[in-house]
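I opened the coordinate file today and kept these notes as I went through it. The entries follow the order in which I looked things up.

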Amino acid sequence: MLRICQRDPEGPMPEQVKKRLEEEIKQLEYELTTELPAEIKKAVALGDLSENAEYHMAKQRQVFVNARLGQLKKRMGELAMVNLVNIPKDKVGFGASVTVFDSSKNEEIQYKLVTSEESDVAQGLISTTSPIGRALLGKKVGDVATVVTPNGKRELEILKLVTIHDSAE
């Protein structure tokens, strides 16, 4: 039985992910520079800050937004480093579509390796940093990848591989 777990074989790539991250960064920066200062100013006008819930909530949100902005900017830097030249042409790498035979389930499954922001296991989109993604990276057709899961080890034999370079042609 062949189970195909992906909706769109081309799927979003780092450029679309970067665009989504940029939009979130823009929105959070607006909140940090415009909305939160206005909320804090309103809360301060209410008086005693030690028992002012609005003030404390706005300050907590400010800390959260700053932390999230830091995460997003770091991730943007990482995505900027994705270089197609460094992705192998004959092995499993970022953007590859892989058909594997899972001996524990006795079925064929198709996965596509994507960024962590794009991952959706139900659709067969797995992150390169997930246990399955890490096990498949660097493998060729015919290789067996062993994945350690909470339910025990799974062996995935690579039956078919379409790299990001193949799908770009």
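I began with aspartate 90, in this predicted model, and asked whether the residue counts as buried, exposed or partly exposed. Its relative accessible area is 43%, so aspartate 90 is partly exposed, since that class lies between the 20% and 50% cut-offs. I then looked up its partner and found that the side chain of aspartate 90 meets that of lysine 140 in a salt bridge, at 3.5 Å from N to O. The two residues sit in distant parts of the chain, 50 residues apart, with aspartate 90 in the loop between α2 and β2 and lysine 140 in the loop between α3 and β5. For lysine 140 I noted a relative accessibility of 35%, which makes this residue partly exposed as well.

Another joins glutamate 29 and lysine 73, with 3.1 Å from N to O. Here too I found a link from helix α1, which holds glutamate 29, to helix α2, which holds lysine 73, and so parts 44 residues apart in sequence are tied together. Glutamate 29 is partly exposed at a relative accessible area of 32%, and lysine 73 is partly exposed at 46%.

The largest nonpolar core has 16 residues, of which Val92, Val98, Val100, Tyr111, Ile132 and Leu136 touch the most other members. I listed the elements that give two or more residues to this core, and they are β2 (97–102), β3 (107–114), α3 (131–136), β5 (144–149) and β6 (152–162). I also recorded a second, separate core of ten residues, which includes Val17, Ile25, Leu36 and Val65.

For the overall layout I counted four helices and six strands, and reading along the sequence I wrote down the pattern β-α-α-β-β-β-α-β-β-α. Buried residues make up 37% of the 169 residues in the chain. Of the contacts with a separation of 6 or more, 57% come from residues 24 or more positions apart. The chain exposes about 10,400 Å², and carbon and sulfur atoms supply 54% of that area.

I left confidence for the last entry. Where is confidence lowest, and where is it highest? The lowest mean, 37, belongs to strand β1 (residues 2–4), and the highest, 91, belongs to β2. Across the chain the pLDDT averages 80, and 82% of the residues score at least 70. Over residues 1–12 the pLDDT is below 50, although this stretch still has 32 contacts in the model beyond near neighbours in sequence. I set those contacts aside, because coordinates predicted with low pLDDT should not be read in detail.

Conventions. Residues are numbered from 1 along each chain as its sequence is written. Side-chain values use heavy atoms; hydrogens and water are left out. A nonpolar core is a set of buried Ala, Val, Leu, Ile, Met, Phe, Trp, Tyr and Cys residues joined through side-chain atoms within 4.5 Å. Buried means under 20% relative accessible area, exposed over 50%, partly exposed in between (1.4 Å probe, protein chains only). pLDDT is the predictor's confidence in each residue, from 0 to 100. Contact means heavy atoms within 4.5 Å. A salt bridge is a side-chain nitrogen of Lys or Arg within 4 Å of a carboxyl oxygen of Asp or Glu. Accessible areas come from the Shrake-Rupley method with a 1.4 Å probe; for residues, only the protein chains shown count as cover.
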